[in-house]
Amino acid sequence: MAPMLPLTPRRKTLAPAAAEAATRRLPVLRLSVEGLLLLGCAWFALVSNRMFVAGALKGRDWGDGSAWAFGAALVAGVLALHLLMLALLSNRWTVKPLLALLLVATAFASFYMQQYGVYLDPSMLRNVLRTDWHEAGELLGLSLLLHLLLHAALPLLVLWRVEIVTRPWKRALLVRLAVVVAGLGVLVAALLSMFQPFSSLMRNQKELRYLITPANYLWSLAVVAGADARAKAAPRQAIGLDAKPGASWATRTRPLLVVMVVGETARSANWGLSGYARQTTPQLAERAVINFAPVTACGTNTETSLPCMFAPVGRRDYDEARIRGSESLLHVLARAGVGVTWRDNQSGCKGVCEGLPTQTVQDIGAPEGTCKDGRCMDEGLLHGLGDMLRNARGTQLLVLHQLGNHGPSYFRRYPPAFARFQPECRSDDLRSCSREQIVNAYDNALLYTDHVLARLIDTLQAQAATLDSALLYVSDHGESLGEANLFLHGLPYAIAPDVQKQVPMVMWSSAGLAGARGLDLACLKARAAQPAAHDHLFHTLLGLLDVDTALYQRDWDLTAPCRAVAR
Ligand SMILES: [Zn+2]
């Protein structure tokens with residue numbers, strides 16, 4: 001052992017010395033604030049905006065000289081835009097931390113834009129900001145690490161070796177002014193030189209601007225922060241102040257419960273009941289459910305869809321500020337005396353259930369094995385439901401918010417018994433799997449949702465003698481599974497493919513509820529073949545639960561033409 005002893009202290013002093021020597025070998029880059037900004041912005045324009053330039057030049061021929069000129073003007077414009085923006089925020093103390101922050105954030109942003117075809121518009125950014133860390137953890141992987149090494153670590157190393165050269169303040173001010181004027185000049189010249197193609201691009205594909213990085217996420221961040229500040233300053237607007245129980249409440253003999261299951265990321269294209277080549281809904285197919293034709297979702301991400309699904313006017317006259325600033329259907333129902341409970345197995349109700357009774361699957365003590373590493377299987381949502389039904393009084397709405405098919409780790413959403421379609425993708429990094437594996441894992445997760453819904457129907461049916469009940473299942477938005485090289489969801493609504501917007505919807509009613517509400521299920525089945533949208537949900541639930549309010553619009557109640565009791 002003795003000869004080993006002297007090694008310990010020597011090793012301690014060796015490491016920093018070696019690092020110091022290595023550091024000394026790296027050249028120091030002496031730059032002014034403006035020089036450093038120019039370097040940083042050139043990096044962003046040339047390296048981080050690949051998606052934007054490629055999108056803008058799509059369909060053009062490489063042999064075409066005007067395409068090259070357009071591309072060069074775009075890069076120059078992007079560079080000038082960022083230079084102008086950052087010149088306002090930078091001085092000798094802020095420039096390095098600011099660039100370091102932007103380099104790291106931009107590396108993450110460009111990774112997700114390139115890998116999954118994500119556009120960082122305000123809606124997507126809101127979704128990213130509200131994502132909980134369990135979801136974020138599933139987005140990390142080896143390919144991200146490699147991307148970060150190249151796009152963040154490498155430029156950070158250069159930045160670290162930069163020494164800022166300072167100027168006397170009068171001269172510094174003049175230089176800065178000159179840079180701003182020059183930046184403006186380049187931006188204007190770039191815009192003028194490509195006026196024709198650029199203006200037609202912005203008319204036809206204005207979402208492309210959300211690929212200009214880092215301006216896209218900085219802009220979206222400012223929009224979201226502004227909207228949130230305004231929302232915080234003003235209390236949520238009360239709606240449906242006139243809500244009261246309908247006539248049927250007095251004549252009913254049994255308690256009535258509607259269970260609404262808010263699905264997650266289930267797309268209509270893979271839904272067995274809707275004609276998918278694969279039977280992904282075998283258990284529902286054996287039950288007397290009404291399957292709706294593909295339903296048009298209000299948004300392409302949870303943050304947009306969820307509040308919209310519970311609003312009186314959703315996509316047909318979309319106004320995000322009004323929806324976020326107002327109470328939801330749940331508040332209107334509660335005002336009329338409906339017992340409302342929100343049970344969550346995901347990232348919360350996005351304000352929809354604010355101030356109303358809420359539970360999470362963790363709270364309700366779901367059985368052993370349901371939850372692992374802070375994530376629970378959706379069956380946990382059904383925990384204790386039998387007792388709940390036996391004790392139900394009056395008129396109730398229970399909302400179950402699923403984890404469903406939340407990606408990218410579809411394989412984590414179901415127990416092994418549902419891994420029926422093989423081979424399945426068992427990686428958090430979708431790009432490391434084949435399309436077939438991704439689709440298999442996605443479909444397995446749908447099989448599990450099918451199972452959860454079937455169990456729920458059986459539980460409701462078991463209490464049908466003493467409780468009138470109905471189930472309404474609808475997903476919040478769809479998903480891209482590699483079509484057109486797109487993955488996940490959240491593309492700007494105007495350009496999102498149908499697979500992100502078309503979702504399944506299923507209804508089931510006990511004979512008692514159908515009787516109590518005069519509901520002709522055969523008629524409803526016929527109606528279900530027609531198109532429907534999230535916009536129908538608000539009015540359909542008012543109709544099913546028989547709540548009277550001036551907000552109710554009969555035309556948007558899917559059950560209205562099929563109810564004998566006029567209202
Ligand atoms: Zn969602």
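Modeller: Start with Pro214, which sits in the loop between helix 10 (195–204) and helix 11 (215–233); helices (H or I, at least four residues) and strands (E, at least two) are DSSP runs, numbered from the N terminus. This is a predicted model, where local features need pLDDT of at least 70, side-chain atom pairs count only at pLDDT 80 or more, and totals for chains, interfaces and linings use all residues. Residues are numbered from 1 along each chain as its sequence is written, and side-chain values use heavy atoms, with hydrogens and water left out.

Colleague: What kind of peptide bond joins Thr213 and Pro214?

Modeller: A cis one, with omega about 0°. The Gly407 to Pro408 bond is cis too, omega near 0°, and Pro408 is in the loop between strand 11 (395–401) and helix 18.

Colleague: Speaking of helix 18, where does Ala441 sit, buried or exposed?

Modeller: Ala441 is in helix 18 (residues 435–462). Its relative accessibility is 0%, so Ala441 counts as buried (buried is under 20% relative accessible area, exposed over 50%, partly exposed in between, with a 1.4 Å probe and protein chains only).

Colleague: And what does Ala441 touch?

Modeller: Leaving out residues up to four places away in sequence, Tyr410, Phe411, Tyr414, Glu424 and Cys425. Contact means heavy atoms within 4.5 Å.

Colleague: Switching topic: how do helix 4 and helix 9 cross?

Modeller: The axes of helix 4 (residues 65–87) and helix 9 (residues 169–193) come within 8 Å and cross at roughly 150°. Axes here are lines fitted to C-alpha atoms, for helices over the stretch in contact, with angles from 0 to 180 degrees between N-to-C directions. Helix 4 and helix 9 are therefore roughly antiparallel, since angles over 145 degrees count as that, under 35 as roughly parallel, 65 to 115 as roughly perpendicular and the rest as oblique.

Colleague: Which residues make the contact?

Modeller: Among them are Ala73, Ala76 and Gly77 of helix 4, and Val179, Val180 and Gly183 of helix 9.

Colleague: What about the phi of Asp546?

Modeller: Positive, about 55°, and Asp546 is not a glycine either. Asp546 lies in the loop between helix 22 (537–545) and strand 18 (547–548), and is buried, with a relative accessible area of 4%.
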